[in-house]
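Subject: Structure handover and findings

Hello,

Here is the structure for your files. My notes follow below it.

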Amino acid sequence: MRTPRGVSKWWLSPSLVLLATACSMGTLGTQPQVDSVSIGRAPPVEAFRTTGQPAPLLPRVPSRGDCAPRYRNGEQGTCVNDKPCRGFGVLDGKQVICACFVRREGCDEHERCEVRQSRCVKESEPTFNLHL
């Protein structure tokens, strides 16, 4: 490469690098600025305004009688007040009622009260870890 007289080869390369850097820095300042502060100032959305109350833990009472329903998986419900109960007999005040956790009156006809899931499940649903 030929250089004009009076210009040293050692100064040409750094000068070109400096010139290219200065040109690119000049174009960076022309990009639109994003106001990041305004994004964080949006009011929070309140999905729930009230908090739920925990379900009361009612004491269980033993099954009495021979009317307890038998589930497909071999487990058995309870007999409460001489009526089949797809759940447990629990003491609510001074009265014994049928319940499956938070569901009063127990599960529906084609459901069973599943202790491992703490809820009513379909009768056809396999028992937890049945495949083991």
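Glu-114 is buried, with a relative accessible area of 1%. Buried here means under 20% relative accessible area, exposed means over 50%, and partly exposed is in between (1.4 Å probe, protein chains only). This is a predicted model: local features need pLDDT of at least 70, side-chain atom pairs count only at pLDDT 80 or more, and totals for chains, interfaces and linings use all residues. Residues are numbered from 1 along each chain as its sequence is written, and side-chain values use heavy atoms, with hydrogens and water left out.

Back to Glu-114. The residue lies in strand β7. Strands (E, at least two residues) and helices (H or I, at least four) are DSSP runs, numbered from the N terminus. Which side chains make polar contacts with Glu-114? Arg-112 does, at 3.2 Å. Arg-116 does too, at 2.9 Å. A polar contact is a pair of N or O atoms within 3.5 Å; within protein, one must be able to donate a hydrogen and the other to accept it, and residues adjacent in sequence count only if both atoms are side-chain atoms. Not counting residues up to four places away in sequence, Glu-114 touches Phe-101, Arg-119 and Val-121. Contact means heavy atoms within 4.5 Å.

Next, the disulfides. Searching the whole structure gives four of them. The criterion is a pair of cysteine sulfur atoms within 2.5 Å. Counting bonded cysteines along the chain, the pattern is 1-2, 3-4, 5-7, 6-8.

- Cys-85 and Cys-98: the sulfur atoms are 1.9 Å apart. The link is right-handed, with 80° about the S-S bond. Cys-85 lies in strand β3 (residues 83–85) and Cys-98 in strand β5, so the pair ties together parts that are 13 residues apart in sequence. Cys-85 is buried at 1% relative accessible area. Cys-98 also counts as buried, at 15%.
- Cys-100 and Cys-113: the sulfur atoms are 2.1 Å apart. This link is right-handed, with 90° about the S-S bond. Cys-100 lies in strand β5 and Cys-113 in strand β7 (residues 111–114), so parts 13 residues apart in sequence are tied together. Cys-100 and Cys-113 are buried.
- Cys-107 and Cys-120: the sulfur atoms are 2.0 Å apart. The torsion about the S-S bond is about -90°, so this disulfide is left-handed. Cys-107 lies in the loop between β6 (103–104) and β7, and Cys-120 in strand β8 (residues 119–122), so the pair ties together parts that are 13 residues apart in sequence. Both cysteines, Cys-107 and Cys-120, are buried.

One is Glu-105, with phi near 75°. Glu-105 sits in the loop between β6 and β7. Is Glu-105 buried or exposed? Exposed, with a relative accessible area of 70%. Leaving aside neighbours within four places in sequence, Glu-105 is in contact with Cys-98 and Ala-99. Glu-105 and Arg-86 are 19 residues apart in sequence, and their C-alpha atoms are 8.1 Å apart in space. The other is Asp-82, with phi near 60°. Asp-82 lies in the loop between β2 (78–80) and β3. Asp-82 is exposed, at 68% relative accessible area.

After β8 comes the segment that holds Ser-124. Ser-124 counts as exposed, at 55% relative accessibility. Ser-124 and Tyr-71 are 53 residues apart in sequence and 9.7 Å apart in space, C-alpha to C-alpha.

The largest pocket has a volume of about 270 Å³. Of its twelve lining residues, the closest to the centre are Pro-56, Leu-57, Leu-58, Phe-101 and Val-102. A pocket is an open set of points on a 1 Å grid over the protein atoms alone, where a 1.4 Å probe fits, with protein on both sides within 12 Å along at least five of seven lines; lining residues have an atom within 4 Å of a point. Grid points are joined across faces, edges and corners, and the volume is the space filled by probe spheres set on the points. Strands β4 (88–92) and β5 (95–100) each supply at least two lining residues. The lining divides into ten nonpolar, no polar and two charged residues. Nonpolar covers Ala, Val, Leu, Ile, Met, Phe, Trp, Tyr, Cys and Pro; charged covers Asp, Glu, Lys and Arg; the others, Gly among them, are polar.

Best wishes
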